[in-house]
Amino acid sequence: MSEREIDVAIIGGGPAGMAAAVAAREANGRVVVIDEGLAPGGQIWRDKLGVAARGQAAQWKSRLLASGAELFASTSVVDVRRRENGFSVIAERSGEPLTFQARAIVLATGARERFLPFPGWTLPNVVGVGGAQALLKSGLNVQGKRIVIAGAGPLLLPVAASLSSAGADLVLVAEQTPWSSLAAYSLSLWRTPMMIAQAVRLRASFARTRYASGTWVTRANGDGSVRSVTVTNGRKTREIQCDLLCVAFGLVGNTELARLLGCQTRSGAVIVDDEQATSIWGVFCAGEPTGIGGVDLSLVEGTIAGAVAMGRGVSPALRRRRERMRSYAARLESAFALRPEVSALATPDTIVCRCEDVRMADLERSWSSRQAKLYTRAGMGACQGRICGAALECLMGWRPDSVRPPIQPARLSTMLDAGRASQSPSGAT
Amino acid sequence: MSASIELVVNGRTVTALEGSTVATALINASELGFRASPQDDVRAPLCGMGICYECRVTIDGLAHQRACMTRVRAGMNVVTAVLK
Amino acid sequence: MNRRQRSDAIVVGAGIVGAACAAALIDDGWRVTIVDRAFASAGTTSVGMGHVVVMDDSPEQLALTAYSERLWRDLAPELDVRSEHDPCGTLWVAEDAAQLDAVRTKHSVYADAGVVSEMLDEHGLREAEPNLHHGLVGALRVPGDSVVYPPGVTMRLLAQAQARGASLREGVEVCEVLPNAVRCDGETLHAEVIVNATGASAAELTPGLPIVPRKGHLAITDRYPGFCRHQLVELGYLTSAHVMTTESVAFNLQPRRTGQMLIGSSRELVGWDPSINHAVLGRMLGRATEFVPRICDLSIIRCWTGFRPATPDKLPLIGPWDPTPGLWIAAGHEGLGITMSLGTARLLADQIAGRATEIDASPFMPTRVIDATVEEHS
């Protein structure tokens with residue numbers, strides 16, 4: 001076991017975490033960045049195999065490397081405990097325990113996709129939208145594969161463009177949002193012309209693919225893997241052959257660690273003040289867990305959080321930038337709101353909790369996530385209710401259950417080690 | 001251009017690009033059965049980012065490793081649900 | 001006495017003890033209402049191990065657990081898939097020669113009580129459980145012990161009771177027990193029989209009950225089918241359960257039907273603080289690694305705590321509560337609530353009906369507590 005005394009432990013190495021690290025280092029703090037992924041960048045700036053990073057991603061990665069922050073990749077945080085003078089961060093890397101003693105924590109844990117159950121969604125080759133992007137960047141060969149992209153949100157376009165560039169036969173992009181909402185959203189982008197240009201460029205890159213709004217997938221068909229999908233726009237239904245279905249419905253902040261620490265949340269987002277401070281002294285939060293808002297907002301929030309965690313102030317310019325980014329985020333959320341049909345796709349036989357094979361029919365009796373857990377085992381699997389919890393919140397309105405350590409499955413020896421740390425003089429329990 | 005390495009999947013040799021993940025190596029090699037669910041339904045990666053735990057396979061004897069979070073390594077031994 | 005005219009009984013607490021009592025009272029012709037302030041199994045029933053086990057910390061405990069286990073064997077064929085009943089048996093594991101002697105004694109004590117068990121030597125133990133540490137010298141195998149999923153069994157018992165006319169009212173809190181009545185928020189329910197089966201918080205409803213919460217930790221692993229086949233318990237478990245005052249851990253490992261391993265156990269008296277005590281959890285896990293070294297490599301998915309309803313003499317309270325007409329107690333089972341639920345229900349129903357009980361119920365009389373208090377003050 002190794003212990004490190006540091007000023008700021010930044011949990012998450014995506015844009016928010018990287019910005020926080022750079023800012024905290026500018027104030028000469030002893031800083032670590034703990035990230036589950038193979039390399040920093042989070043999801044949006046994930047390294048593409050064999051391709052050098054470019055643009056903003058490249059800039060921030062060099063800044064991070066130059067900053068002097070110590071980076072721990074492929075490292076999962078298992079628990080964070082409050083101590084007299086700060087926090088103990090219990091983590092695991094390659095099955096080995098790592099412990100950090102930090103005065104302050106910046107939670108930059110990013111977001112995951114929201115999956116809603118529908119018949120056939122558990123078939124192999126049904127993946128997320130961001131998930132498809134992640135797999136593509138980590139080496140997935142999509143050359144010649146017939147792909148349908150579906151769901152909701154601004155991720156559909158850039159992922160479609162990526163897959164198309166990688167040689168996929170992109171058959172359909174089905175956005176569930178009705179045209180009227182999309183049009184209104186596009187009009188609102190006049191304030192951010194850069195984004196309009198981006199969207200136009202993206203669309204042009206797969207110009208031959210049908211982009212259908214107000215359209216959603218009702219089932220995936222196949223045996224052993226997906227062979228076709230059934231799509232509808234509420235009036236007409238058709239079946240489309242495909243090899244890969246990429247489907248997800250927006251993003252959900254990874255707020256588990258914040259909730260474990262007792263931070264207040266509202267509507268699934270961690271509440272932070274003007275300085276990115278949560279309701280728990282010494283815990284800051286930046287980026288998607290405070291509300292889905294995209295890269296640029298994450299960078300600003302991360303910068304603020306890292307500076308304040310080291311006791312530095314925040315410039316008015318930075319605050320104004322955050323406000324601008326937040327208003328863009330708000331427009332995004334309302335534009336891509338989920339239509340009721342996509343929350344009603346599951347039949348009684350459809351699996352809702354994938355880890356434990358709990359079907360929709362099994363959940364009829366239960367009326368809270370805790371009851372569902374006890375009676376059906378939904379949420380008791382390895383993903384600790386992350387996938388089904390987000391779905392059930394949409395489908396049933398159930399608030400997620402309380403969070404306990406370990407917040408990721410951990411090797412028993414790591415938990416043992418963490419227990420010993422609690423007994424040593426430096427660690428108050 | 002990334003180099004090619006070899007790993008063993010369910011007893012057969014599979015080629016993958018160095019730096020790629022076990023998940024993509026398996027999918028590229030048409031090994032689509034990563035994990036068996038409690039009712040023996042065959043599963044493969046969903047989220048691609050370490051959240052869903054559907055991509056769990058046994059790597060070098062250690063069970064329940066997330067394939068999407070693990071880089072391939074020459075000589076790595078992977079066993080999936082197909083073989084269990 | 002045979003089937004009575006239908007009159008009312010109210011069971012307060014829809015955990016496994018309350019559910020079993022409701023089922024037994026329905027059998028006797030009572031019109032039963034089960035009331036729970038949260039939902040069925042929400043209390044200790046949802047957090048324990050679900051080990052159906054014979055234990056001999058005292059002759060009384062042995063009698064009630066052995067009796068209960070016979071009833072579990074009768075019930076087993078009726079249990080559904082959700083109850084996850086697994087007749088895997090228990091291994092009481094001995095670390096040294098002294099413990100092996102204790103195991104021999106246990107073997108004969110069990111035999112006297114009609115409980116089948118067999119001694120395993122080092123070789124036999126290794127064959128039975130390859131993942132156990134090789135330094136262990138032997139064990140007592142109790143094949144009649146089993147494992148269940150308590151919420152599953154509770155739902156099953158309640159469903160059966162409801163099918164026969166019982167009504168279950170969840171989200172209803174009983175504020176006060178009156179003579180032959182319970183006062184809930186906004187209504188008073190009258191009944192000839194009222195059963196306090198509220199477990200660790202039973203003293204809230206019936207002040208004077210010497211039931212206090214005794215906290216325990218548990219951890220569950222991911223699926224490792226075949227890793228262990230029996231519930232494994234160290235002999236020191238009895239000492240840990242017996243000594244009330246100190247914090248203690250004792251090795252207890254349970255294979256579940258799912259292939260997951262449930263790791264226990266710990267005991268502390270710290271009131272109702274549900275937070276994980278990392279030092280205690282660590283010691284509990286550490287103790288497990290001393291018996292099953294390979295457990296170090298397993299993936300832990302979840303940890304949690306729960307409260308056992310503990311009494312000073314380590315025996316439950318089953319019988320009438322004289323100070324309040326109509327009130328009966330079925331609570332205080334410490335770590336044996338699952339096992340003892342069935343025996344408790346029968347002892348209670350027999351007493352209510354005025355029938356002779358199948359085992360001596362006098363050690364479990366709630367009045368023993370009152371007498372003790374009276375003696376203290378006289």
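Which residue is the bridge partner of A:Leu172 in β11(A)? The partner is A:Arg210. This is a predicted model, in which local features need pLDDT of at least 70, side-chain atom pairs count only at pLDDT 80 or more, and totals for chains, interfaces and linings use all residues. Residues are numbered from 1 along each chain as its sequence is written, while chains are lettered from A and ligands numbered from 1 in the order in which they are written.

**A sheet in chain A**

- Helices (H or I, at least four residues) and strands (E, at least two) are DSSP runs, numbered from the N terminus.
- Two strands pair if DSSP finds at least two bridges between them.
- Chain A has an open sheet of five strands with parallel pairing, in the order β8-β15-β9-β10-β11.
- β8 (126-127) and β11 (210-212) of chain A are the edge strands, each with a single partner strand, so one side of each lacks a neighbour in the sheet.
- Strand β10 (residues 169-175) of chain A runs parallel to β11(A), and three bridges join them.
- Helix α3 (residues 129-137) of chain A lies across β8, β9 (146-152) and β15 (244-249) of chain A.
- α3 of chain A runs at about 130 degrees to β15(A). For such angles, axes are lines fitted to C-alpha atoms, for helices over the stretch in contact, and angles run from 0 to 180 degrees between N-to-C directions.

**Where chain B touches chain A**

- Two residues are in contact if their C-beta atoms, placed from the backbone, lie within 7 Å.
- This contact takes 32 residues from chain B and 32 residues from chain A.
- On the side of chain B, the elements giving two or more residues are β2 (12-17), α1 (22-28) and β4 (42-43).
- α1(B) gives the most to that side, with five residues.
- By class, the side of chain B has 18 nonpolar, ten polar and four charged residues. Ala, Val, Leu, Ile, Met, Phe, Trp, Tyr, Cys and Pro count as nonpolar, Asp, Glu, Lys and Arg as charged, and the others, Gly among them, as polar.

**Where chain C touches chain A**

- Here the contact takes 26 residues from chain C and 22 residues from chain A.
- α5 (150-163), α8 (278-291) and β17 (299-310) of chain C are the elements that give two or more residues to the side of chain C.
- The largest share of that side, eight residues, comes from α8(C).
- Its residues divide into 14 nonpolar, eight polar and four charged.
- Strand β22 (residues 410-411) of chain A runs antiparallel to β17(C), joined by two bridges.
- A:Ala410 stands opposite C:Ile300 in β17(C).

**Domains of chain C**

- Chain C is divided into domain 1 (8-47 + 150-211 + 313-377), domain 2 (90-143) and domain 3 (212-309), with bounds from an automatic or database domain assignment.
- The centres of domain 2 and domain 3 of chain C, taken over C-alpha atoms, are 20 Å apart.
- The contact takes 13 residues from domain 2 of chain C and 14 residues from domain 3 of chain C.

**Helix α2 of chain C**

- Helix α2 (residues 59-75) of chain C has 17 residues and reaches 24 Å from its first C-alpha to its last. That is close to the 24 Å expected at 1.5 Å a residue, where the expected span is 1.5 Å times one less than the number of residues.
- The buried residues of α2(C) include C:Leu64, C:Tyr67, C:Leu71 and C:Trp72. A residue is buried if 20 or more other C-beta atoms lie within 10 Å of its own, exposed if 12 or fewer, and partly exposed in between; C-beta atoms are placed from the backbone.
- These buried residues of α2(C) pack against β3 (51-52), β7 (146-147) and α9 (337-353) of chain C.
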